[in-house]
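Please look over the sequence and the 3D structure shown below.

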Amino acid sequence: MIFRWAPLACSIALLATFLPAAALSQQAAGQKKKIVFVAGKPSHAYGAHEHNAGCRLLAARLQEALPSFACDVHLNGWPAENNAFDGADCIVMYCDGGNGHMVNQHLDQVDALAKKGVGIVCIHYGVEVPKGPSGEKFLDWIGGYFEPNWSVNPHWTARFEKYPDHPISRGVGPIEINDEWYYHMRFREGMKGVTPILTALPPKESLSRPDGPHSGNPAVRAAVLERKEPQHMAWAAERDGGGRGFGFTGGHDHWNWGDPNFRKLVLNAIVWCAHGEVPASGVESPLVTMKDLEANMDPKNKPANFNRDAVREKLKLPPDGAAGAAVPARNGREAQRAAERAAEIAAASILPQREAAAAVAGLDVAPGLEATLFSSEPQISNITNIDIDHRGRIWACEVMNYRWEKRKLPSPPRPEGDRILVLEDTNGDGRSDKQTVFYQGRDIDSAHGVCVLGNRVIVSALDRVQVFYDDNGDLKADDKRDVFFTGISGVQHDHGIHAFIFGPDGKLYFNFGNEGKQLKDKDGKPVVDLAGNEVNNKRQPYQEGMAFRCNLDGSQVETLGWNFRNNWELAVDSFGGIWQSDNDDDGNRAVRINYVLEFGNYGFKDELTGAAWKVARENLEKEIPEQHWHLNDPGVVPNVLITGAGSPTGICVYEGTLLPKMFHNQPIHCDAGPNVCRAYVAAKDGAGYKAEIVNVLHGARDNWYRPSDVCVETDGSLFIADWYDPGVGGHNQQDAERGRIFRVAPPGAKYSSPKFDFATPAGCLKALENPNLEVRYRAFISLVNMGDKAHHPLEDLIEKSDDPRLKARALWILAKLPGEGGEAVEMAIADKNPDVRITGIRIARQLGLELKEIASLAKDAAPEVRRELAIALRHSKSPQAASLWADLALQYDAHDRWYLEALGIAADKQWDTFLDAYLAKASEPWKTPAGRDILWRSRAKKSPELLVKVIKDPATKENEQLRYFRALDFLAGPEKEAALKSLLE
């Protein structure tokens, strides 16, 4: 479709009242300039990448300001007409880019026009093309382009006050506006013929994302963070032969075209690229109203809470009915004051705003989903953690007294103490309309976790874990109370105790960060775990942050992993797989996602000495994120993913079906630092996992959005808690008055909690399908209590279900019925799904069954099954254990670090017998890559001698020797001394 903008049908006398003199002189001279706008197809969310509306608005305003310019606007992609560019003086491309850029298929056509002197203007994503032929053309046409893995595309507020002496700068006042300002463009060598127009030094927060094709790379980090090089967000270029080009990286947010300076700069550039005369005061286009901006927008779902008045106020737009004269751009001081004021009072879709009524407009939600505001201030303030019960009620830790003494306050902001709230939607409109204070007290100040299980509410706060009761169901804490654990350090500290969750095995899972230090029981006595170790950070063997499992009454604690920094909350999938995040030392871009191999060391500090990651050591990793976790050291479990800088918080595993399929069965996690809740779409990687990031809810236009937790509702939707604050880190709380909870679901998915029947086996099995953990808890407990009545229904489900996760949940319950553990294991390990077979191994280990029950899996085709069998051998006294370990070790492929570390975990305290069994079956393992890896990981008395063999082997390259020398650091005794002496022989 093509739109042509004809000259205004009005008299010269009327035109003279609002057109610049230069425009009249051009018109009088009869000079015609043809501008061809090519608008890309619709993309992105409401108010973003509005190519069609943006092109039509710019064309109309240019035409009205300079009637001697004729504008053709081609909508929704490349024009089909062969003569579309005939007589063009300038082509404007405002479209999506990259591999899908519409010009990629028309390079020769546009190049021929450029060689004739036709101007080329590219706006926003339109400046990105692939490196290669397209990139080379862009260097010629416009002087630069966005090159993936070199350039970046963050949202940030840029401020421009000084401009070059160039026609494009004429009449342009200061600009301060939030947009997706791309930078670190690939420019012509030596900037030949290129004049930067918009230049600023981006803030360090704009590089907070992990490295990726668009998010970060070593070159841009060095340029901005180290060398402090200002970056160019708009530029003009002149070509050999006289042609001109212009690149402009703003324009993600459609509303920004309402800013007169923002709009004037681009209109000036179009005129200049067309070899027109830019008026002395720039192109003074007629005013733009909110109605003008909304005209011609693509058909997209408008957020329910979109606040058009906040947008209009922020940009100081006139009322919708205003028309007539062109308005000069407001001066920079006024613009700055307006932006600052707007940033404090409302949340719309351009700059981060603050009013709850427009909170959703500041967020980007994943395709196929919609975000709605469930609760906000004044009903709630800062929320640290949430849980959801079987009736769909939201339980929330509301914290105002966080670190109040460190903040130098004379007294706690809330003298009565922090609160556990229960939020309900009683009228079905998707908004909380009823709030109940379950408990309030100074003993739960800065609560970091709430877990609702039937009539019990487990609260993690300060130095203890308390269990509150609600036996009468009035949502008020009874006088009765239990204490699980005390003596936990990290009081009023993010790195202390975190939330408890219910696992599919009927146990509780929880963790604390590296300030937690130790667990004591309710009487203050040190907790001794099932491995016989006191739970503390004294490296015997545990240190730093730890992950735990215990019974529902807090007994039989197991330490599942250690040497984390600040692991915040666990998530357990139906197979018993454990997921969590872990924060780095701030500023090192090493936040990570863990899949927790049970009983593993996770490498924050040196395993033996406790030395920090910065301390020099042999075989030091090349990159800081790898150094940070000691990933070159034997005995460190690898990471699923390094996500970069951040402040990671709550996590869940989404096992529902309401959300789009890409999110099914994936970890979903909050990171308050980069203002995002995102999924880690995981895929198996040998015996472990790798993952890719997919954003769920991102504070693209509101960087006070600080997601703190995410839970799955009974209807399959997500609820995301928002701490809401200007900053993270530093143990600070700058805004104690606001907080939000969002619901995320497909558009039109009504918020409604199902009714459950926990009195019959059939009802419980139906409830077991639900993705909500408290529903599953109730079903689990009811089925276990039914005993024999539940036996056959569980068996029937296991035999007939084609859902491996549901099958696994049923197997865990069957195993808890008296005398049925062996049957559950037998059914599980015979299943075709490897994760169900893993579930069988875990059940056997928890029940203490003999190793022979699962030994057949030693030859399983799936490396993840063999990994889990290896872990089951840890501390086993079975006479089969060493031989089984050797068989598993012989199947190691020399590449799978997950598998190798599982072998190491398995051999703990039995290295001598296990390694002997392996050496009896392996032929000269010091000569093979796989054998060398196993020796590198080993801790047996024979290990030093064998490592020295590897070091002295002529086939071992010099740069590989450091790896084996580092392995010797983890060995001790006379065997090591003798081996080292032999190196000198």
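Predicted model: local features only at pLDDT ≥ 70, side-chain atom pairs only at ≥ 80, totals over all residues.

Residues are numbered from 1 along each chain as its sequence is written, and side-chain values use heavy atoms, with hydrogens and water left out. Rolling a probe the size of a water molecule over the atoms shows where empty space is left.

- On a 1 Å grid over the protein atoms alone, a cavity is a set of points where a 1.4 Å probe fits but cannot get out, while a pocket is an open set with protein on both sides within 12 Å along at least five of seven lines.
- Lining residues have an atom within 4 Å of a point.
- Grid points are joined across faces, edges and corners, and a volume is the space filled by probe spheres set on the points.

**Cavities**

- The whole structure holds 8 cavities of 30 Å³ or more.
- The lining of the largest cavity has 20 nonpolar, 2 polar and 6 charged residues (Ala, Val, Leu, Ile, Met, Phe, Trp, Tyr, Cys and Pro count as nonpolar, Asp, Glu, Lys and Arg as charged, and the others, Gly among them, as polar).
- The second largest cavity has about 100 Å³ and is lined by 13 residues, with Phe-502, Gly-503, Pro-504, Arg-776 and Arg-809 nearest its centre.
- α13 gives the most to the lining of the second largest cavity, at 3 residues, and this lining divides into 7 nonpolar, 2 polar and 4 charged residues.

**The second largest pocket**

- The second largest pocket has a volume of about 600 Å³.
- It is lined by 25 residues, and Arg-845, Gln-846, Gly-848, Ala-872 and Arg-874 are the closest to its centre.
- β26 (558-564), α17 (834-847) and α18 (863-872) give two or more residues each to this lining, and α17 gives the most, with 3 residues.
- By class, the lining of the second largest pocket has 10 nonpolar, 7 polar and 8 charged residues.

**Helix α3**

- The 15 residues of α3 (residues 51-65) should span 21 Å, and the end C-alpha atoms are 21 Å apart, so the two values agree; the expected span is 1.5 Å times one less than the number of residues.
- In α3, 15 of 15 residues are buried (buried means under 20% relative accessible area, exposed over 50%, partly exposed in between; 1.4 Å probe, protein chains only).

**Two loop residues**

- Asn-514 lies in the loop between β24 (508-512) and β25 (545-550), and it counts as buried because its relative accessibility is 14%.
- Beyond its neighbours within four places in sequence, Asn-514 is in contact (heavy atoms within 4.5 Å) with residues including His-495, Glu-544 and Phe-604.
- Lys-614 is in the loop between β30 (600-601) and α11 (624-628), and it is exposed because its relative accessible area is 64%.
- Lys-614 and Trp-723 are 109 residues apart along the chain, and their C-alpha atoms are separated by 32 Å.

Terms used
Helix = DSSP H or I, 4+ residues; strand = E, 2+ residues; numbered from the N terminus.
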